[in-house]
Amino acid sequence: MPGKTLYDKLWEAHLVEEREDGSALIYIDRHLIHEVTSPQAFEGLRLAGRTPWRLDANLAVPDHNVPTGSAERAGGVAGIIDSTSRLQVQTLDDNCEQFGIEEIPINDRRQGIVHVVGPEMGATLPGMTVVCGDSHTSTHGALGALAHGIGTSEVEHVLATQCLVQQKMKNLRMRVDGRLALGVTAKDLALAIIGEIGTAGGTGFAIEFAGEAVEALSMEGRMTLCNMSIEAGARMGMIAVDDVTIDYVRGRPMAPKGDQWELAVAAWGDLHSDADAVFDHEVCIDAASVAPQVTWGTSPEMVAAVTDLIPDPAAMSNTGQREAAVRALSYMGLSGGAPITSIPADRVFIGSCTNSRIEDLREAAAIVRGRKKADSVKQAMVVPGSGEVKAQAEAEGLDRIFLDAGLEWREPGCSMCLAMNADKLGKGEHCASTSNRNFEGRQGFGGRTHLVSPGMAAAAAIAGHFVDVRDFQGEPS
Amino acid sequence: MKALRVHEGLVAPMDRANVDTDLIIPKQFLKSIKRSGFGPNLFDELRYLDEGQPGQDCSNRPLNPDFPLNFPRYQGASVLLARENFGCGSSREHAPWALEDYGFRCVIAPSFADIFYNNCFKNGVLPVALPAAQVDELFEALYANEGYRITVDLEQQEVLLADGRRWSFPVDDYRRQCLLEGLDDIGVTLKSGAAIRAYEDKLRGRSPWLFSSEAGA
């Protein structure tokens, strides 16, 4: 019998019941909850007279709607100016109180983006099944967990039963050989992979990221990579547990302690694919060939190296691709054949569950240190992923570096990644954004998003247009 | 959930690939704490010329005359014909809620994003995946024939064309059964309550740190 993949092992360990119709009941160890996709689920429980199956598996935190300006934020829930946002955050508070679910409230120091908070708190652990009503739940797979986004009906299902009815996915190994070059990050790797396989390339698969370049990533980098799995069409991405994982989890507030820690670490030793495991599909990427990436269109697969030209639709042989490119370039206000570096950056957003962790902020700070934001850039905001990240960054003096360079230093939340709060793009504005989606209107009605790494976003803030971050290494002249 | 066995209806086109859930229902409408009322904001940024706001009366907003769903010939459509990777991006269930609230009971496309596909079944909307060549043929027929209608039979897992041809489509048994009968699938899972308890007992023995009372001090 062939060996098992990491996904096979996680699946089998959580199998409650296999049914004759081919579906399976899978147990959920951790359910993360936020304010946008949960109100209707709690309402469903109330209407059916049901109660949560297991309270201690749930952890809630408001993140999508929270204001990131310090003045508005200081007022807590009551201080949220937008009444619909305020009601949604208040509803989460009320539901958690009514059902007895632990919540990290808006102005708690631990508050932040749910996918930053989970791993940081040790609420996400290796070997767990983790779900949340948010597609970027794939982030948690970086810890060797089976983690994926769900809809609101399934939020209700997990609350009521601690299980989900699932069909097993196929296995895809994404092997990244060699090392990423200096100035090239996990974000660039994720975008390059999506450029390679497309936004539907991972549909139907659980992706395992492997290979030398993946092993060399920090936990923060691994989370960035797994976060973007969904942008490649895969609900879940994961990485085997190694010393980097164990070192990251050790000492986290909700991580096991004492004897329990020793037991857990021993069990986690098996969280990797067997050497003879068989994958349904394998894709190999040469890390050394990846340059800093910039998206030019309205889908994450519309991406190019910063050194490239914007593609010319006329040169595309596939009709569907050509039509999509024409439509995207029209929306983006760009012309095929122009250099990527000719695209202006009207605003800069450094944040989101993809790139708001301490390492991301260090990467951006290293670029802007001793430099000044270009006058043509209307706004450059840095939004830490959590209160813990914010405190750590301030302890390292990163806030001063950003402020001295003319960037804004904000309170934690999802912010301009999806612009559910007041942070958004104006019509026609180009944004250098460290977030995950460049869809039409994503960051504001008519807004034009270009996905980049934190270093690339920081460099664009200084230059006023997209520029190769590798030209910014070293001290400013 | 509304059951669906056989659905016959007018077809409307959404003729572009990679339609994401942000496009299906933009984020400002996700601030609602209700499950209904999203229909007027389906494809909001394509359908109207202005920027939509939650809670607004959409009846006086300027319509985009170039967007097919605004064409007289597609009024009353209940089957949406789409291209590959329909529903990619965010897991927001507001996307199928908006489709359903607008009046769509079925979406036909060459492929769907995984989370969206699953969310549809929870809300009485049937996603039908057909080979790309068949979808191409449907688009041609749709554009050539005003009032083009189609029948989708979930029980037989077939799309019935006006000329009598039948094309089969895949659906896994569990989802099919839930939609055919309009089942409350939480109720179905709770019938396995004893198995879930038994699993938890084993889990507590094997991985006690997963239970907060036993995570160690």
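**Figure 1. Gln157(B) lies in the loop between β5 (149-153) and β6 (158-160) of chain B.** Helices (H or I, at least four residues) and strands (E, at least two) are DSSP runs, numbered from the N terminus. Phi of Gln157(B) is near 55°, a positive value in a residue other than glycine, and Gln157(B) is buried, with a relative accessible area of 19%; buried means under 20% relative accessible area, exposed over 50%, and partly exposed in between, with a 1.4 Å probe and protein chains only. Most residues other than glycine have a negative phi. The model is predicted, so local features need pLDDT of at least 70 and side-chain atom pairs count only at pLDDT 80 or more, while totals for chains, interfaces and linings use all residues, and side-chain values use heavy atoms, with hydrogens and water left out. Residues are numbered from 1 along each chain as its sequence is written, with chains lettered from A and ligands numbered from 1 in the order in which they are written.

**Figure 2. Ala419(A) is a residue other than glycine with a positive phi, near 55°.** Ala419(A) belongs to the loop that runs between β16 (408-409) and β17 (430-433) of chain A. With a relative accessible area of 4%, Ala419(A) is buried.

**Figure 3. Helix α3 of chain B packs against helix α4 (residues 114-121) of chain B.** The two helices meet at an angle of about 50°, with their axes 9 Å apart, where axes are lines fitted to C-alpha atoms, for helices over the stretch in contact, and angles run from 0 to 180 degrees between N-to-C directions. That angle makes α3(B) oblique to α4(B), given that angles under 35 degrees count as roughly parallel, over 145 as roughly antiparallel, 65 to 115 as roughly perpendicular and the rest as oblique. The crossing of α3(B) past α4(B) is right-handed; a crossing is left-handed if the near helix is turned anticlockwise from the far one by less than a right angle, and right-handed if clockwise. Ala95(B), Pro96(B) and Leu99(B) of α3(B) make the contact with Phe116(B), Asn119(B) and Cys120(B) of α4(B), contact meaning heavy atoms within 4.5 Å. By class, the residues of this contact are five nonpolar, one polar and no charged, where Ala, Val, Leu, Ile, Met, Phe, Trp, Tyr, Cys and Pro count as nonpolar, Asp, Glu, Lys and Arg as charged, and the others, Gly among them, as polar.

**Figure 4. Helix α13 (residues 358-368) and helix α14 (residues 387-395) pack against each other in chain A.** Their angle is about 40° and their axes are 9 Å apart, which makes α13(A) oblique to α14(A). The crossing of the two is right-handed. From α13(A), Ile358(A), Leu361(A) and Arg362(A) meet Val389(A), Gln392(A) and Ala393(A) of α14(A), and the residues of this contact comprise four nonpolar, one polar and one charged.

**Figure 5. Helix α2 (residues 39-48) of chain A packs against helix α4 (residues 83-99) of chain A.** The angle between these helices is about 40°, their axes lie 10 Å apart, and their crossing is left-handed. Pro39(A), Phe42(A), Leu45(A) and Arg46(A) of α2(A) form the contact with Gln88(A), Thr91(A), Asn95(A), Gln98(A) and Phe99(A) of α4(A), a set with four nonpolar, four polar and one charged residues. The buried residues of α2(A), namely Pro39(A), Gln40(A), Ala41(A), Phe42(A), Gly44(A) and Leu45(A), pack against β3 (30-33), α4 and α6 of chain A together with α3 (94-102) of chain B. After α2(A) comes Gly49(A), whose phi is positive, near 65°.

**Figure 6. Helix α6 (residues 152-161) of chain A is mostly covered.** Ten of its ten residues are buried, including Glu154(A), Val155(A), Glu156(A) and His157(A). Gln162(A), which follows α6(A), has a positive phi, near 65°.

**Figure 7. The largest nonpolar core contains 113 residues.** A nonpolar core is a set of buried Ala, Val, Leu, Ile, Met, Phe, Trp, Tyr and Cys residues joined through side-chain atoms within 4.5 Å. Phe402(A), Phe43(B), Phe86(B) and Ile108(B) touch the most other members, and helix α16 (residues 454-463) of chain A gives the most to this core, with seven residues. Not counting residues up to four places away in sequence, Phe43(B) touches Met14(B), Val19(B), Leu23(B), Ile24(B), Phe67(B), Leu69(B), Leu80(B) and Phe86(B). Another core, of 100 residues, lies apart from the largest one, and among its members are Leu45(A), Trp53(A), Ala142(A) and Ile150(A).
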